[in-house]
Amino acid sequence: MSDGPEWFAPKRYGLGSGLPISWQGWAVTLAYVALIAGLVFWLKDRPLQMVPAMVLPTIALMVICARTTRGGWRWRWGEDDD
């Protein structure tokens, strides 16, 4: 178990986070989806500006997920965590 908050469950196979397991995780996920949808709507006629505009929110989401995933990010092979 980690010392910090646990907002996301770890993936069973591979590296990264799975689904949110707390309201904070769902709030972060929904805020990210709303922000990306807003960027798509706002920049729909400028696709070359859309991609760089999505990089910062995506990196921010990845950092939040990595720091708040139960057990942290590590490669998993499907075994149960101890």
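1. A kink of about 25° is found at Val-55 in helix 2, shortly before the proline Pro-57. The bend at a residue is the angle between axes fitted to the seven residues ending there and the seven starting there. Helices (H or I, at least four residues) and strands (E, at least two) are DSSP runs, numbered from the N terminus.

2. This is a predicted model, in which local features need pLDDT of at least 70 and side-chain atom pairs count only at pLDDT 80 or more, while totals for chains, interfaces and linings use all residues. Residues are numbered from 1 along each chain as its sequence is written, and side-chain values use heavy atoms, with hydrogens and water left out.

3. The 22 residues of helix 2 should span 32 Å at 1.5 Å a residue, and this agrees with its end C-alpha atoms, which are 32 Å apart. The expected span is 1.5 Å times one less than the number of residues.

4. Helix 1 (residues 23-42) and helix 2 (residues 47-68) pack at an angle of about 175°, and their axes are 10 Å apart. Helix 1 is therefore roughly antiparallel to helix 2, a term for angles over 145 degrees. Axes are lines fitted to C-alpha atoms, for helices over the stretch in contact, and angles run from 0 to 180 degrees between N-to-C directions.

5. Helix 1 contributes Val-28, Tyr-32, Leu-35, Ile-36, Leu-39 and Val-40 to this contact (heavy atoms within 4.5 Å). From helix 2 come Met-50, Ala-53, Met-54, Pro-57, Thr-58, Leu-61 and Ile-64. The residues of the contact divide into twelve nonpolar, one polar and no charged. Ala, Val, Leu, Ile, Met, Phe, Trp, Tyr, Cys and Pro count as nonpolar, Asp, Glu, Lys and Arg as charged, and the others, Gly among them, as polar.

6. Val-28 of helix 1 touches Trp-7, Leu-61 and Ile-64, not counting residues up to four places away in sequence.

7. The buried residues of helix 2 are Met-50, Met-54, Pro-57, Leu-61, Cys-65 and Thr-68. They pack against strand 1 (8-10), strand 3 (17-20) and helix 1. Buried means under 20% relative accessible area, exposed over 50%, and partly exposed in between (1.4 Å probe, protein chains only).

8. Pro-47, also in helix 2, is exposed, with a relative accessible area of 51%. Met-62 of helix 2 counts as partly exposed at 43% relative accessibility. Met-62 and Ser-17 are 45 residues apart in sequence and 8.9 Å apart in space, C-alpha to C-alpha.

Terms used
Angles under 35 degrees count as roughly parallel, over 145 as roughly antiparallel, 65 to 115 as roughly perpendicular and the rest as oblique.
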